[in-house]
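Hi everyone, thanks for coming along. I'd like to walk you through one protein today, so let's get it up on the screen.

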Amino acid sequence: MTDQIRWGVLATGGIAARFARELGQVPGTELAAVGSRTASSAQAFAAEHGAARSHGSWEALAADPDVDIIYIATPHSHHHAAASLCLRAGKPLLVEKAFTLDLASAQDLVTIARERELFLMEAFWTRTLPSTLKIQELIADGAIGELVAVQAAFGIGLDPDPSHRLRNPELGGGALLDLGVYPIGFAQLLLGEPNQVRAWAHLFPEGTDERTTISLGFPSGAVASLYCGVNGDVRNATIVGTQGRIELPWGFHAAERFVLHRHGADPQEFETAPSGLHFEAAEATRCLREGKLESDLIPLSSTLSVMSTLDAVRAQIGVTY
């Protein structure tokens with residue numbers, strides 16, 4: 001491991017490009033290489049984002065001795081194949097969410113990483129944001145009392161045609177894995193693992209979910225009411241406690257501000273640093289430098305727990321990939 005952490009990026013789509021741009025905000029890192037299934041795509045990405053090398057295959061990137069860690073940025077339908085290849089090549093990983101298509105394949109990646117003593121982390125960037133950390137601090141300090149409910153919704157207001165990725169079950173399409181992972185992950189970050197899961201959905205003709213509503217019950221007695229939808233533009237959340245509530249306005253998954261309402265007190269607004277993918281990159285970089293095999297902010301147990309809930313929801317709404 002060099003002093004400079006050398007990142008590789010596997011895939012060349014929009015999220016990969018955003019990650020490459022924001023990596024420059026993390027001190028002590030560099031974009032060393034990019035890998036794609038086509039050499040031309042990798043070369044164009046490397047030229048645009050200043051990567052030193054480009055590789056025309058996933059295998060070549062995984063074998064690059066001058067890459068310390070790889071960010072997996074393919075569609076989630078390909079996460080398991082790409083990540084297992086890289087882990088078997090000995091590379092630590094940051095894997096975009098949803099982590100995989102199902103719990104079994106997620107558990108397989110965790111098993112491989114632990115057997116080979118390699119760092120593995122889900123790129124659940126929401127959990128690394130300053131706003132999220134501040135909210136957790138306030139809750140731990142009792143700012144709103146005991147948590148009793150979480151409400152969260154994420155819809156993007158699209159009307160995709162039948163050829164769109166979000167309608168394709170072979171690509172893990174639908175609202176649940178792209179969008180539902182945010183409200184579910186948010187609720188479970190705050191309330192733990194649910195012991196009751198109920199879900200209803202309206203499906204596209206192709207069999208993926210157009211919109212889904214989810215109710216979760218927790219051992220503490222707390223509940224969560226969650227929504228995700230390809231159509232219907234909504235992105236807000238509320239955390240309810242016995243002594244108040246925290247409201248996250250538009251864009252709760254990337255919040256830069258929120259409002260604390262305490263019983264009998266004036267509302268208190270908090271503003272934090274602008275959100276971005278560089279926070280998750282910084283967390284993975286820190287963990288790698290410290291020799292950790294997983295992140296305290298996004299432990300693998302939480303990734304598996306969310307994947308378990310996603311599986312339970314899919315089983316109830318009748319979506320298969």
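This is a predicted model: local features need pLDDT of at least 70, side-chain atom pairs count only at pLDDT 80 or more; totals for chains, interfaces and linings use all residues.

Now the overall build. The protein has 9 helices and 15 strands. Its radius of gyration is 20 Å, close to the 20 Å that the globule rule gives for 321 residues, so the protein is as compact as a globular protein of that length. If you like to think in boxes, the C-alpha atoms fill one of roughly 60 × 45 × 35 Å, taken along the principal axes. And how many of the contacts between residues at least 6 apart in sequence join residues at least 24 apart? That comes to 65%.

On to the annotation. UniProt, in an unreviewed entry, places "domain: Gfo/Idh/MocA-like oxidoreductase N-terminal" at residues 5–122. In the model, that stretch is 42% helix and 23% strand, and its end C-alpha atoms are 18 Å apart. UniProt also lists residues 133–247 as "domain: GFO/IDH/MocA-like oxidoreductase", again from an unreviewed entry. That span is 22% helix and 39% strand, with 15 Å between its end C-alpha atoms.

Let's look at a pair of helices next. Helix α4, residues 79–88, packs with helix α5, residues 103–116, at an angle of about 10 degrees, and their axes are 10 Å apart. An angle under 35 degrees counts as roughly parallel, so that is what α4 is to α5. Who is meeting whom here? From α4 we have H80, A83, S84, L87 and R88, and they meet S105, D108, L109, I112, A113 and R116 in α5. Sorted by class, the contact of α4 with α5 has 5 nonpolar, 3 polar and 3 charged residues.

You'll find A237 in strand β12, residues 237–241. Is A237 buried or exposed? A237 is buried, with a relative accessible area of 1%. Beyond residues up to four places away in sequence, A237 touches Q151, A152, F186, I246, E247, L248 and F252. Take L248 from that list: A237 and L248 are 11 residues apart in sequence, and 5.2 Å apart in space, C-alpha to C-alpha.

The loops have buried residues too, and R167 is one to click on. R167 sits in the loop between β7 (147–156) and α7 (175–191). R167 may be an arginine, but at 11% relative accessibility R167 counts as buried. Setting aside residues up to four places away, R167 touches P160, D161, P162, F204, P205, E206 and T208.

If we follow the chain past α7, P194 lies in the loop between α7 and β8 (196–203). P194 counts as buried, at 13% relative accessibility. Its contacts beyond four places in sequence are Q188, L216, G217, F218 and T309.

My last stop is S275, in the loop between β15 (268–271) and α8 (278–289). With a relative accessibility of 17%, S275 counts as buried, because the cut-off for buried is under 20%. Leaving out residues up to four places away, S275 touches W125, L129, A254, A255 and E256.

That's my tour, and I'm happy to take questions!

How values were computed:
Residues are numbered from 1 along each chain as its sequence is written. Side-chain values use heavy atoms; hydrogens and water are left out. Axes are lines fitted to C-alpha atoms, for helices over the stretch in contact, and angles run from 0 to 180 degrees between N-to-C directions. Helices (H or I, at least four residues) and strands (E, at least two) are DSSP runs, numbered from the N terminus. Angles under 35 degrees count as roughly parallel, over 145 as roughly antiparallel, 65 to 115 as roughly perpendicular and the rest as oblique. Contact means heavy atoms within 4.5 Å. Ala, Val, Leu, Ile, Met, Phe, Trp, Tyr, Cys and Pro count as nonpolar, Asp, Glu, Lys and Arg as charged, and the others, Gly among them, as polar. UniProt positions are given in the numbering used here, feature names are shortened, and annotations may be inferred rather than shown by experiment. Buried means under 20% relative accessible area, exposed over 50%, partly exposed in between (1.4 Å probe, protein chains only). The radius of gyration is taken over C-alpha atoms; the globule rule is 2.2 Å times the number of residues to the power 0.38.
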